[in-house]
Amino acid sequence: MHRQMLIDTASALVADDKGLLAIDESITTCNKRFAALAIPQTEAARHDYRELIVTTSGLAESISGLILYDETIRQSRSDGTPFVKIIVEAGIIPGIKVDLGAKGLAGHPKEKITEGLDGLRGRLAEYVQMGARFAKWRAVLTVSDNLPSRGCVEANAHALARYAALCQEAGLVPIVEPEVMMAGGHSLDRCREVTEEVLHTVFNQLYRQGILLEGMILKPNMLLPGLACPQQATLDDVADATVNCLLRAVPAAVPGIMFLSGGQAAGLASARLNAMNLRYKSQLPWALSFSFGRAIQQPALAAWLGKKDQVIAAQNILYYRAKCNRDARRGQFTGEAEKHC
Ligand code: 13P
């Protein structure tokens with residue numbers, strides 16, 4: 001196994017108070033986000049949008065790694081330079097989403113299992129050839145009074161562990177993403193209960209598959225009440241609940257925990273990450289960082305709207321949103337940067 005390489009890549013991903021930017025939306029998801037803003041849902045528009053992101057100047061000050069999608073890793077800038085080359089030359093590590101999406105779990109009508117293990121070894125080898133150094137796989141867990149079922153938690157944890165093992169065999173750092181969804185009316189405590197069970201199950205499976213914990217990254221949800229829960233939580237409540245849960249469930253050998261944003265507003269996601277680092281950073285065994293998609297991209301996408309003359313404005317917003325989260329890693333996010341967005 002590529003032990004030292006995995007350890008080096010994982011620590012580079014969390015170094016210098018930086019985090020990841022996920023731009024790995026599938027064609028369907030990207031088109032949905034475009035449609036909501038009346039941007040044409042074409043390959044050309046997706047290309048131009050991703051070019052806007054990868055050519056944002058100074059992005060590497062806050063972003064250590066970019067998670068790409070299969071379509072994007074094969075694309076080039078209009079002058080023919082491959083996106084991967086631009087990313088690497090900027091000092092950013094290229095990564096790739098390798099799951100094939102969450103599909104209905106047979107026998108569990110409201111639950112999902114993430115697919116993509118068949119043929120994964122071959123696909124990983126191709127992505128390594130293209131320059132990827134880490135990968136991502138997202139499992140989705142829905143919360144209600146009686147969900148997720150044990151069957152769904154175990155099936156997804158098993159798939160995550162098998163994916164992680166194949167990644168490490170290929171020399172790619174696995175980003176292990178079990179996402180407990182925000183949708184629903186559940187309380188913060190119910191989110192804690194589910195997230196803790198999910199994380200224990202995932203780490204049990206990772207252990208069984210022999211995963212090098214020092215050469216992986218965990219990408220969990222923050223602990224939050226469901227979107228429809230009447231009792232929303234303060235920044236400190238979220239920070240306390242999230243850190244306490246992670247301390248109970250995530251081994252100290254894991255170098256970094258890089259949160260997904262899950263649809264939180266951009267400023268709120270930064271403020272919550274900031275509260276965690278402000279209160280706990282010096283006492284934690286792992287780095288608490290970000291691997292946001294929407295919480296960095298969405299304000300920039302809304303400024304771009306598919307218009308050439310808005311590219312610079314959108315890039316400025318992307319840069320600032322990334323910087324907000326680097327500040328949040330330092331416990332120095334004040335919301336000041338919001339004024340620039
Ligand atoms: P969000 O931050 O928009 O949830 O996206 C992160 C991600 O990569 C989900 O898999």
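**View 1. Strand E6 supplies the largest share of the largest pocket's lining, three residues.** The model is predicted; local features need pLDDT of at least 70, side-chain atom pairs count only at pLDDT 80 or more, and totals for chains, interfaces and linings use all residues. Residues are numbered from 1 along each chain as its sequence is written, and side-chain values use heavy atoms, with hydrogens and water left out. The largest pocket holds about 610 Å³ of space. Its lining has 28 residues; Thr-29, Arg-33, Arg-138, Glu-179 and Arg-294 are the closest to its centre. Helix H2 and strands E5 (108–114), E6 (134–141), E7 (173–180) and E10 (287–292) each supply at least two lining residues. By class, twelve are charged, nine polar and seven nonpolar. Pockets are open sets of points on a 1 Å grid over the protein atoms alone, where a 1.4 Å probe fits, with protein on both sides within 12 Å along at least five of seven lines; lining residues have an atom within 4 Å of a point. Helices (H or I, at least four residues) and strands (E, at least two) are DSSP runs, numbered from the N terminus.

View 2. Among the lining residues are Asp-48, Glu-51, Trp-304, Lys-307 and Lys-308. Four are charged, three polar and three nonpolar.

**View 3. Phe-34 and Tyr-49 form an edge-to-face aromatic pair.** The ring centres lie 5.7 Å apart, with 80 degrees between the planes. Rings pair if their centres lie within 6.5 Å; planes under 30 degrees apart count as stacked, over 60 as edge-to-face and the rest as tilted. Phe-34 lies in helix H2 (residues 27–36) and Tyr-49 in helix H3 (residues 43–54), so the pair ties together parts 15 residues apart in sequence. Both Phe-34 and Tyr-49 are buried; buried means under 20% relative accessible area, exposed over 50%, partly exposed in between (1.4 Å probe, protein chains only). With Trp-304 they form one aromatic cluster. Trp-304 is among the buried residues of helix H11 (residues 294–304).

**View 4. Arg-50 of helix H3 is buried, with a relative accessible area of 0%.** Beyond its neighbours within four places in sequence, Arg-50 is in contact with Ile-23, Asp-24, Glu-25, Cys-30, Glu-71, Thr-72 and Phe-83. Contact means heavy atoms within 4.5 Å. A polar atom of the Arg-50 side chain lies 3.2 Å from the backbone oxygen of Ile-23.

Key
Phe/Tyr/Trp six-rings, centres within 6.5 Å; stacked < 30°, edge-to-face > 60°. Polar contact = N/O pair within 3.5 Å; in protein donor to acceptor, adjacent residues only side chain to side chain. Points joined across faces, edges and corners; volume = space filled by probe spheres on them. Nonpolar A, V, L, I, M, F, W, Y, C, P; charged D, E, K, R; others polar.
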